[in-house]
Amino acid sequence: MRWKLATAFASLIGLSTAQLARYVAPSDSSVSFSLNIPSSTASSGSGAIFFQVRGPASGKQWIALGIGSRMAGAHIFVVYADGSGNVTVSARAGQGHFEPEFTSDATITVLDGSGIVGGSLIANVRCDNCLSLAELSVTNTRSSWIWADKDGSALDSSDVEANIQQHDRTGVFTFDLTAAAGGDSVNPFVESVQSSTSAAATGTGTRTSSGGSAPTSTGGNGNGDGNQNVGSGSSDGSTSEASSMSKMLKIHGILMGLAFAVFFPLGSVIIRLMPGPHKVDAHMAVQFIGFGLSIAGLAYGVMLAQDLRYLKETHAIIGMVVMGGLFFQPIVGLIHHWLFKAKGRRTILAYIHTYWGRGLIILGIINGGLGLQLADNTTGGTIAYSVVAGVLGLAWLAASALYYIRGGSKAVLNAKLEKPLSADGLRE
Ligand code: HEM
Ligand code: HEM
Ligand SMILES: *[C@@H]1O[C@H](CO)[C@@H](O)[C@H](O)[C@H]1NC(C)=O
């Protein structure tokens, strides 16, 4: 007991004990990830780092930690039971929203204290080249990491290339790398295993949140295992459940795809090709549906981008510019239509509405492609989007071309001068 108090005290004032930055999964406080950057690495900016992946041994197929802000490009370490009381740590390269592939790029060593220990699945890992591999700067106070886990029976495989099933939960969080720096242990987790146990015994555990939409700050779980960095992702709002996240992604993509690749081009074809007196009404109706879909899609886009890093992505920036510009489109369209009815001729608003509208729709269609790229959508999804956008885009181009070949507005106006006005007023 005296020894424990001594180590707790030492770590509180940051003496010889290694500093651990720790992140607890907001949806499951038994899953946690810790990081230590030994003093020598911290001062030279290169060298080994240590991390720990920890969770319940039963009911988990695998638990993973990754360096990066999303799957694509992340350096991922998947931990699962090896079937003989220890763990397998499988280094994988994330490429998109699908199973990451094994890679031998990372030089990792599984350390003492790893295994199925007291009902916990623990992997204590030293990575000799993670800093350079992931281009991590030891002074970064907001380094992005991802985590994920999968419920189910233990994988029990010592094969580092074992097939794993898609995660049930994922999240993005930040580690303050400066808060993880300190100590010169060859295994900083051996002590923390003990102090964590003591904390559990004294009942100062972490707060649990089951909803998991907002990351829970789990401050004050002071179990003396070093400098706690728990919940540093809280200001990010970036940890979300995988299921709701991928559902939101799908809904956003579908709503935006329908609006920009289907309804807006269709409405544009209608105003040029539809015979009869109702083409303006039909155009208005179709564009308003597209407008509504895109507003709803925008809401989902903003929710997806609540992880503020995303708002700086080209896709989100172009998307917000397009949606901002779109705001004026129905207003200008309506005013143009009223003026046309009143004056019997086009005003400058017709050209503004037409060219502004065309520009926005084309930008939006391109932006959908950027979104698919950003989300690493499957080739199938990308092909489907391209085909739909391509077909309607071509139909639109053909419709506009035909309209101008036929003489455009002049022909329409000439026709109007020859014929008496139809019941609902002028036709455009
Ligand atoms: C967000 C909603 C809307 C979008 C995206 C949109 C888009 C467009 C586009 C792209 C064109 C040109 C078609 C081409 O390429 O040849 C056009 C034409 C037109 N739009 Fe809209 N529109 C919208 C709403 C409206 C509304 C509410 C009205 C009201 C009546 C309207 C009335 C017209 C008219 C009259 C034209 C023909 C202009 C002319 O050539 O004289 N639009 N619209
Ligand atoms: C012209 C408007 C937009 C279109 C056509 C569009 C379309 C798309 C599409 C097709 C996807 C891929 C969905 C999937 O793979 O299932 C996507 C993803 C995404 N979009 Fe948009 N979007 C637009 C505007 C926005 C805006 C305004 C924001 C943010 C404010 C936004 C944020 C996102 C985010 C964060 C993703 C997911 C990226 C990832 O998972 O890595 N989008 N978008
Ligand atoms: C698991 O393997 C590591 C590395 O070989 C070893 O240090 C550790 O003691 C093992 N754990 C158990 C519980 O056997």
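This is a predicted model, and its protein chain has an average pLDDT of 79, with 77% of the residues scoring at least 70.

**Confidence**

- Residues 6–16 keep a pLDDT under 50, and the model gives them ten contacts beyond four places in sequence.
- Where pLDDT is low, predicted coordinates should not be read in detail.

**The overall fold**

- The protein chain has 428 residues, and 48% of them count as buried.
- Its secondary structure is made up of eleven helices and twelve strands.
- Take the contacts in the protein chain with a separation of 6 or more: 68% of them join residues 24 or more positions apart.

**The iron atom of ligand 2**

- Which residues coordinate this iron atom? They are H252 and H315, each through its NE2 atom, at 1.9 to 2.0 Å.
- The site of this iron atom is octahedral, and the angles among its six donor atoms run from 87 to 180°.
- H252 sits in helix α5 (residues 242–273) and H315 in helix α7 (residues 314–326), so the pair, 63 residues apart, links distant parts of the chain.
- Are these two histidines buried or exposed? H252 has a relative accessible area of 13%, and because buried means under 20%, H252 is buried.
- H315 has a relative accessibility of 17%, so H315 counts as buried too.

**The iron atom of ligand 1**

- Here the protein donors are H283 and H353, again through NE2 atoms, and they lie 2.0 Å from the iron atom.
- The iron atom of ligand 1 has an octahedral site, with angles of 88 to 180° among its six donor atoms.
- This pair also links distant parts of the chain: H283 belongs to helix α6 (residues 279–304) and H353 to helix α9 (residues 348–374), 70 residues apart.
- Both H283 and H353 are buried.

**The surroundings of ligand 1**

- How many residues surround ligand 1? There are 26, and the closest are R272, H283, R346, H353 and R358.
- Several helices share in this shell: α5, α6, α8 (328–343), α9 and α10 (379–405) each supply at least two of its residues.
- R272 places a polar side-chain atom 2.5 Å from an oxygen atom of ligand 1.
- W396 has a polar side-chain atom 2.7 Å from an oxygen atom of ligand 1.
- For S400, the distance from a polar side-chain atom to an oxygen atom of ligand 1 is 3.1 Å.

**Ligand 3**

- Ligand 3 has G85, N86, V110, L111, D112 and S114 around it.
- In the side chain of N86, an N or O atom lies 2.4 Å from an oxygen atom of ligand 3.
- The side chain of D112 has an N or O atom 3.2 Å from an oxygen atom of ligand 3.
- S114 takes part through its backbone, where a polar atom is 2.9 Å from a nitrogen atom of ligand 3.

Definitions and conventions. Residues numbered from 1 in each chain as written. Chains lettered and ligands numbered in written order. Predicted model: local features only at pLDDT ≥ 70, side-chain atom pairs only at ≥ 80, totals over all residues. Heavy atoms only, no water. pLDDT = per-residue confidence, 0-100. Contact = heavy atoms within 4.5 Å. Donors = N, O, S within 2.8 Å, 3.2 Å for Na, K, Ca; no water. Tetrahedral: all angles 85-135°; square planar, octahedral: opposite > 155°, others 65-115°. Helix = DSSP H or I, 4+ residues; strand = E, 2+ residues; numbered from the N terminus. Buried < 20%, exposed > 50% of the residue type's maximum accessible area, 1.4 Å probe, protein only. Near = heavy atom within 4 Å. Polar contact = N/O pair within 3.5 Å; in protein donor to acceptor, adjacent residues only side chain to side chain.
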